[in-house]
Amino acid sequence: MFDNVRSKYSSWVSYRRAIDELSRLSARELQDLGISRSDIKFVARRGLSS
C-alpha cells in the first residue's frame, strides 16, 4: 500500500517539476519545441507515461 502511495507521489512530483520547468520557458523557446502554453499540462502528463 505504501509503495503505491510513494509511487503516486513521485509521479506527481515529476509532473509538477515538468510543468514548472516548461512554464519558465519563453514563448520563443516553447515555439522552438513545438509546444504552446496551453499544451504544457498535456505534455507534462504525457512525459510521465513515456
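Reader: Where is Ser38 found?
Author: Ser38 is in the loop between α2 and α3. Keep in mind that this is a predicted model.
Reader: Is Ser38 buried or exposed?
Author: Exposed. Ser38 has a relative accessible area of 65%. The cut-off for exposed is over 50%, so Ser38 qualifies.
Reader: What separates the C-alpha atoms of Ser38 and Arg28?
Author: 14 Å, and the two residues are ten apart along the chain.
Reader: And Gly34, where does that go?
Author: Gly34 also belongs to the loop between α2, which covers 27-33, and α3. Gly34 counts as exposed, at 62% relative accessibility.
Reader: How far is Gly34 from Arg24, C-alpha to C-alpha?
Author: 15 Å. They are ten residues apart along the chain.
Reader: Switching to the core. Which residues make up the largest nonpolar core?
Author: Eight residues: Tyr15, Ile19, Leu22, Leu30, Ile35, Ile40, Val43 and Ala44.
Reader: Which elements give two or more residues to this core?
Author: α1 (2-23) and α3 (40-49).
Reader: What does Val43 touch, sequence neighbours aside?
Author: Leu22 and Ile35, once residues up to four places away in sequence are left out.
Reader: On to α1. How many residues, and what reach?
Author: α1 has 22 residues. From first C-alpha to last, α1 reaches 31 Å, close to the 32 Å expected at 1.5 Å a residue.
Reader: Which residues of α1 are buried?
Author: Tyr15, Ile19 and Leu22.
Reader: Why do the buried residues of α1 line one face of the helix?
Author: Look down the axis of α1. The buried residues fall within an arc of 75°, so they line one face.
Reader: What is exposed on the other side of α1?
Author: Phe2, Asp3, Arg6 and Tyr9.
Reader: Where does Ser11 lie, then?
Author: In helix α1. Ser11 counts as partly exposed, because its relative accessibility is 33%.
Reader: What lies over the face of Tyr15?
Author: Arg45, at 4.5 Å from the ring centre.
Reader: How far apart are the C-alpha atoms of Tyr15 and Asn4?
Author: 16 Å. Tyr15 and Asn4 are eleven residues apart along the chain.
Reader: Last one. How many aromatic pairs does a search of the whole structure find?
Author: One.

Definitions and conventions: Residues are numbered from 1 along each chain as its sequence is written. This is a predicted model: local features need pLDDT of at least 70, side-chain atom pairs count only at pLDDT 80 or more; totals for chains, interfaces and linings use all residues. Side-chain values use heavy atoms; hydrogens and water are left out. Rings of Phe, Tyr and Trp (its six-membered ring) pair if their centres lie within 6.5 Å; planes under 30 degrees apart count as stacked, over 60 as edge-to-face and the rest as tilted. A charge sits over a ring if NZ of Lys or CZ of Arg is within 6 Å of the ring centre and within 35 degrees of the ring normal. A nonpolar core is a set of buried Ala, Val, Leu, Ile, Met, Phe, Trp, Tyr and Cys residues joined through side-chain atoms within 4.5 Å. Buried means under 20% relative accessible area, exposed over 50%, partly exposed in between (1.4 Å probe, protein chains only). Helices (H or I, at least four residues) and strands (E, at least two) are DSSP runs, numbered from the N terminus. Contact means heavy atoms within 4.5 Å. The expected span of a helix is 1.5 Å times one less than its number of residues. The arc is that of the directions from the helix axis to the C-beta atoms.
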